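Here's a quick briefing to read alongside the model.

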Amino acid sequence: MSPAFRVLERADLTSRNSFGIRATARRLVDVADADAMPEALAVLDDGPPLVLGGGSNLLFVGDAGDVLTVSDARRAVLSDDGERVVVRAAAGADWHGFVLWTLAQDLGGLENLALIPGTVGAAPIQNIGAYGVEVGEHVIAVDAFDRHTRDVVRLDTAACRFGYRDSVFKQHPDRWIVTGVEFALHRFAEPTLDYAGLRDVLAARGITAPRPIDVAEAVIDIRRSKLPDPAVIGNAGSFFKNPIVPAAQAAALVAAHAGIPVFAVDDGLRKLSAAWLIDRCGWKGHRDGDAGVAPGHALVLVNHGHAQGAELLALARRIAASVQMRFGVALEPEPRIVGATW
Ligand code: EPU
């Protein structure tokens, strides 16, 4: 039987972060059986470890101290009433592999989130979202080890406090370690096709009543055409969140800048497109040594080979400063920055 957890000293993290930044963990504890979390954590007595999922949403600026990974990847159907199906995956399951597993059973819900890099355990933390869907819409509970009570607890959807690229877990990064996530999926759900490009791809294929797998295939094609593959060139997806500003500020920007995209959030707030703002400042395809901006998408920073975290961070700060100067809008990074503050 394989051990419930194992400890590695001086672990290389280069292949464990999608930017491909060279970094080392002083100690890495990998938990293969989430039930062994209390025991595994007892080994790490010097404060909270960095919990690492797929490493697809972080930037290492310097080395890490203690790092914890969960490799428990079990998934199961918990209940099925013929229409609503509750499934659970442990934190270490690969996100895209899990989505494909739900689609193979013709379950709808997660199809718009196909091909997002990372693990199931990381998905609720930044409430991953794409093409009109956020994962929080389908999560019914998150199981997590609570470092305050030293117990595994279950947080329902309300307790997770999901927001745009946000959750209670992101607000309190050192409190919970996600061990598993439960989702309510549906056999006959209406697909979400609000993202214009998605409808276009399906229409071009002559698909009028798409099944979840058809939507996922369209999403996969759109992602591949727009976003660089981290297996080919290091990146962490969107480096900045789309800024949310007061409606009056958005209206003033629309008056001053023709074509600026603005999306409704609620009555008083509007979401702007960080990619558009960055693009207009001329950064697309820019390169400072090995730190660059993707040629195909202004929101994605890339490592052309041997960029260091500090170089990518310096580039990100220059990009944000230029957007602030030209549009008066503050950008905030989306990935977690380890070893530096924004
Ligand atoms: N645009 C530009 N220049 C560019 C790229 C885009 O002007 O280089 C404009 C487009 O014309 C469009 C707008 O920006 O009007 C939005 O672009 P896109 O549809 O690509 O979406 P996004 O807002 O840039 C967000 C998410 C992505 C997600 C897509 C699709 C954030 C921070 N990013 O990007 O998520 O895949 O929508 O739903 O919310 C990620 O979080 O890592 C990520 C890739």
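Start with the ligand: of the 24 residues around it, Y131, Y164, R165, Y195 and D279 come nearest, where near means that a heavy atom of the residue lies within 4 Å of the molecule. Keep in mind that this is a predicted model, in which local features need pLDDT of at least 70 and side-chain atom pairs count only at pLDDT 80 or more, while totals for chains, interfaces and linings use all residues. Numbering runs from 1 along each chain as its sequence is written, and side-chain values use heavy atoms, with hydrogens and water left out.

**The ligand and its shell**

- A backbone N or O atom of Y131 sits 2.6 Å from an oxygen atom of the ligand.
- Elements giving two or more residues to the shell are β8 (129-130), α6 (212-226), β13 (234-238) and α8 (274-280). Helices here are DSSP runs of H or I with at least four residues, strands are runs of E with at least two, and both are numbered from the N terminus.
- The largest share of the shell, three residues, comes from α8.
- By type, the shell splits into 11 nonpolar, six polar and seven charged residues. Nonpolar covers Ala, Val, Leu, Ile, Met, Phe, Trp, Tyr, Cys and Pro, charged covers Asp, Glu, Lys and Arg, and polar covers the others, Gly among them.

**Domains**

- The chain is assigned domain 1 (5-70), domain 2 (75-186) and domain 3 (234-338), with bounds from an automatic or database domain assignment.
- Why does the ligand lie between domain 2 and domain 3? Both of them give residues to the shell around the ligand.
- The centres of domain 1 and domain 3, taken over C-alpha atoms, are separated by 29 Å.
- The contact between these two takes 11 residues from domain 1 and 18 residues from domain 3, with contact meaning heavy atoms within 4.5 Å.

**The loop between β1 and β2**

- T14 is in the loop between β1 (5-12) and β2 (24-31), and S18 is found in that loop too.
- Buried or exposed? S18 is buried, with a relative accessible area of 13%, whereas T14 counts as partly exposed at 23%. Buried means under 20% relative accessible area, exposed over 50%, and partly exposed in between (1.4 Å probe, protein chains only).
- The side chains of T14 and D12 are joined by a polar contact of 2.6 Å. That term stands for a pair of N or O atoms within 3.5 Å; within protein, one must be able to donate a hydrogen and the other to accept it, and residues adjacent in sequence count only if both atoms are side-chain atoms.
- Setting aside neighbours within four places in sequence, T14 is in contact with G20, I21, R22 and A23.
- A polar atom of the S18 side chain lies 2.7 Å from the backbone oxygen of N235.

**Helix α2**

- Helix α2 (residues 95-104) is mostly covered, with seven of its 10 residues buried: W95, H96, F98, V99, W101, T102 and L103.
- After α2 comes D106, with a positive phi near 60 degrees.

- H138 lies in the loop between β9 (133-134) and β10 (139-146) and is buried, at 17% relative accessible area.
- The H138 side chain reaches the backbone oxygen of G109 at 3.1 Å.
- D194 is in the loop between β12 and α5 (196-204) and counts as exposed at 60% relative accessibility.
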